[in-house]
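Biologist: I'm new to this one and want to go through its pockets. Can you put it up?

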Amino acid sequence: MAKSNGSGGGFGKVFLGFVLGIVVVVAGIAAYLQWGSPPVATADKAFPFERKIVSSLLDARITRQTKTPPFGTSEDVYEGGAKVYMMECSACHGTPGHDVRFAKYMYPAAPMLWKKHARGNVVGVSDDEAGVTYWKVANGIRLTGMPAFDHVLTDTQMWQVTLLLKNADQQLPDPVTKILATP
């Protein structure tokens, strides 16, 4: 009878090495998060691929849950949206001609919703579909300063402010511009 050279435990050693490797990696990540300097301050650089991963997940979720406006635009819709905007949004997102200074120091920076983009004539989120903006207003965006307004505003109010922002690149009626100019 031939004697075994101990080669029968090869799978067990590979499996044990694999498990040990996972434990070491998890322990290393935990140690870094506990005692290292992970980027948690707004001025810190993002994790590698952080923006890409988060935006991909956000876009996929919004695409699945996008709604269409239940009504069209009118002066009354814009006025209602302007009143909601001034009460709930302007402190972070500014008003026409007036940016919010601290917004650029948020992470990510809060967009100025009445300002033209560097390229083109797009103002704020006027190039987004209304359903996308509505989703962001209703649900907020995790790990940003954008809160969810689903339990704060009515569905009508959220659509009014959404449709106002969708048309921020258009000439708005005088009563609406007066509301938006109120300090």
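Modeller: Here it is; bear in mind that this is a predicted model. By class, 27 nonpolar, eight polar and 10 charged residues make up the lining of the largest pocket.

Biologist: What volume does the largest pocket have?

Modeller: About 1,300 Å³.

Biologist: And how many residues line the largest pocket, and which lie nearest its centre?

Modeller: The lining has 45 residues. Nearest the centre of the largest pocket are P108, A109, P111, I141 and T144.

Biologist: Which elements give two or more residues to that lining?

Modeller: Four helices are named there: α2 (50-65), α3 (75-88), α4 (90-93) and α5 (130-139).

Biologist: Which of them gives the most to the largest pocket?

Modeller: α2 does, with six residues.

Biologist: OK, switching to the second largest pocket. What is its volume?

Modeller: The second largest pocket comes to about 290 Å³.

Biologist: Which elements supply at least two residues each here?

Modeller: α2 and α5. The largest share of this lining is from α2, with four residues.

Biologist: How does the lining of the second largest pocket divide by class?

Modeller: Into six nonpolar, two polar and two charged residues.

Technical notes
Residues are numbered from 1 along each chain as its sequence is written. This is a predicted model: local features need pLDDT of at least 70, side-chain atom pairs count only at pLDDT 80 or more; totals for chains, interfaces and linings use all residues. Side-chain values use heavy atoms; hydrogens and water are left out. On a 1 Å grid over the protein atoms alone, a cavity is a set of points where a 1.4 Å probe fits but cannot get out, and a pocket is an open set with protein on both sides within 12 Å along at least five of seven lines; lining residues have an atom within 4 Å of a point. Grid points are joined across faces, edges and corners, and a volume is the space filled by probe spheres set on the points. Ala, Val, Leu, Ile, Met, Phe, Trp, Tyr, Cys and Pro count as nonpolar, Asp, Glu, Lys and Arg as charged, and the others, Gly among them, as polar.
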